[in-house]
Amino acid sequence: MPSISALTIVLHAILVGTALSSPNCRSQPGDASFPNPDQIQQFNSSIGGRLVPVIPTGRFCQNVGGCTDDQWNDPAFREVIPGSMLQPNWEQDFVSNPPSICYRNTTNCGQGSVPILGINATCAADIQEGVRFAHKHNLRTAIKASGHDYLGRSTAKNSLLFWTHNFKNITFHDSFKIGGKDLGSSVTFGSGVHLDTLYQAAEARGKIFVGANVRSVVASGGYLQGGGHSILSPRFGLGSDNALEFQVVIANGNLITVSEAEHPDLFWAIRGGGAGSWGVIISATIRTYPAFSAVVHNAVLTLNSSDAAADLARLHASHIFDWDNEKIGHYFSFFQASPSVFIWTMTSLWPNASEAAVNASLAPFLDEAVLLATNVSIDLSNKVVNDQVGISDQAGLNTAVGSRLIPAQIYRSDLSVVRDTYKQLFDAGASLILGLMVAGGQVSENAHIDSAVHPKWRTAKALIDLGTIWNDDATPAEVKSFQQSITNVQVPILDKLAGGLGSGSYSNEGDVFEPNFQVTFYGPNYARLSAIKNIYDPDDLFIVGAGVGSERWDSQGLCRVE
């Protein structure tokens, strides 16, 4: 890995012509205001030599003599590369002229949308110094915990990266108190702790918590800031409903405690107000619950036409309230492998249940569902819940997503609209439709919680995600068409099912190009969020795509558009 001084000399030598040279823009290499090599070296010394050059994953692979497919697709491999994102399309700059792209087999790799310098922080003081340095030199910033980010908010072109990978502390509390109030059992963990580690640590203490289904997620990062859904949400609420306290470095460089008792306005905003907009999370504290045994039921059905698949979607919708008494969360997804092959999966988690009871509860639905299928596979497992939640996800896939929260009332009305929506999506080329039964139950009952969570969560029954995937060799024009298919074709179809104008989406699994993201991601909370942003980050040091305040900046967060 090149030295910092060598890297800065190279940057000044080859990037002088890229300067934006505008008082409305962040400082870029080549600008007079951009820190020179001596200033960068002095800053590096102030943080104990923890400044590192940041490169795209493709260049890293080329530097080490190549990466295997298994490495390229492994989140654990990518997490130790500061510039790596789990979805590599976010590392690319497809829109510049010429584009700046770097995959494994790219010749003349560009830096793309990857930061140029990063702070490999080991303590909050490193982040504080970095924030002050970025503010002093008017630098673009990015914050990365794991790089699990479907909107590309954890990376930014020509930026300074705050990398929290090393914040691995975990502390369990039998009794966590704030302002003299006992909030019960909880766990505090740093913003470098992945869920696989946290699930295992909780299991050793007989505890469970509300966390994502993908184990590479760092819960104290974007997960809680976006609201955070879980297969356990119908039973325990959203992740942000269970957040008790945060340690945050804000834009003035101060490390503050954020809770009901301290900075309650920021506590409101940081729970559901969007990832990356409020500061650098150092740690979070969330509620824990007694662990329990759980049966996971997996069903996989293969269907031979879009009509059969749409019929199955309608049938499932007609049974969607069958398991409300047990507050069961489940996932139900379609993958369109070809015009004549549709694969439907349903995974449900049943606390403290027997396999026989689970089979009996699902029988009224599955007995009809299998009649639509050409092939059926069903399996069950019974383990402690910590071993049932969370899967090892696949990285290395270029991905664009969009989503909508589907109101419960939709499933209580004419279900032909559900069938029609799925049929239209299939016919429009939708290859991946993920259904997540992670609302209702306790999520609805928690409507009294005062936070920035979109109110549509409290009246929703399901979240439906749309996804598209493409190969590394796609041209920038092809990438644009894939993204536009999500933004301009598929999401508008789904939007009609969600209620049209004023519908809601989950910002962590939404389309970064949402034309009205303020309403879709934040609803009636946006004005209050903007006001809080102006208090804690008046100069917009922390700007991300479709985040609070991003409408004031260009698509790369480099120049103001106001």
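What follows is a conversation about aromatic rings in a predicted model.

Modeller: This is a predicted model, where local features need pLDDT of at least 70, side-chain atom pairs count only at pLDDT 80 or more, and totals for chains, interfaces and linings use all residues. Residues are numbered from 1 along each chain as its sequence is written, and side-chain values use heavy atoms, with hydrogens and water left out.

Colleague: How many aromatic pairs are there by the rule?

Modeller: The count is 19 aromatic pairs. Rings of Phe, Tyr and Trp (its six-membered ring) pair if their centres lie within 6.5 Å; planes under 30 degrees apart are stacked, over 60 edge-to-face, and the rest tilted.

Colleague: Why is the pair of Y199 and F209 called stacked?

Modeller: The ring centres of Y199 and F209 are 4.9 Å apart and the planes are at 15°, so the pair is stacked.

Colleague: What makes Y199 count as buried?

Modeller: Buried means under 20% relative accessible area, exposed over 50%, and partly exposed in between (1.4 Å probe, protein chains only). Y199 has 1%, so Y199 is buried. F209 is also at 1%, so F209 is buried.

Colleague: Why is the pair of F236 and F292 called tilted?

Modeller: The centres of F236 and F292 are 6.4 Å apart and their planes are at 45°, so this pair is tilted. F236 is buried at 14%, and F292 is buried at 11%.

Colleague: How do you know that the charged end of R271 sits over the ring of F267?

Modeller: The test asks for NZ of Lys or CZ of Arg within 6 Å of the ring centre and within 35 degrees of the ring normal. The charged end of R271 is 3.8 Å from the centre of the F267 ring, and sits over it.
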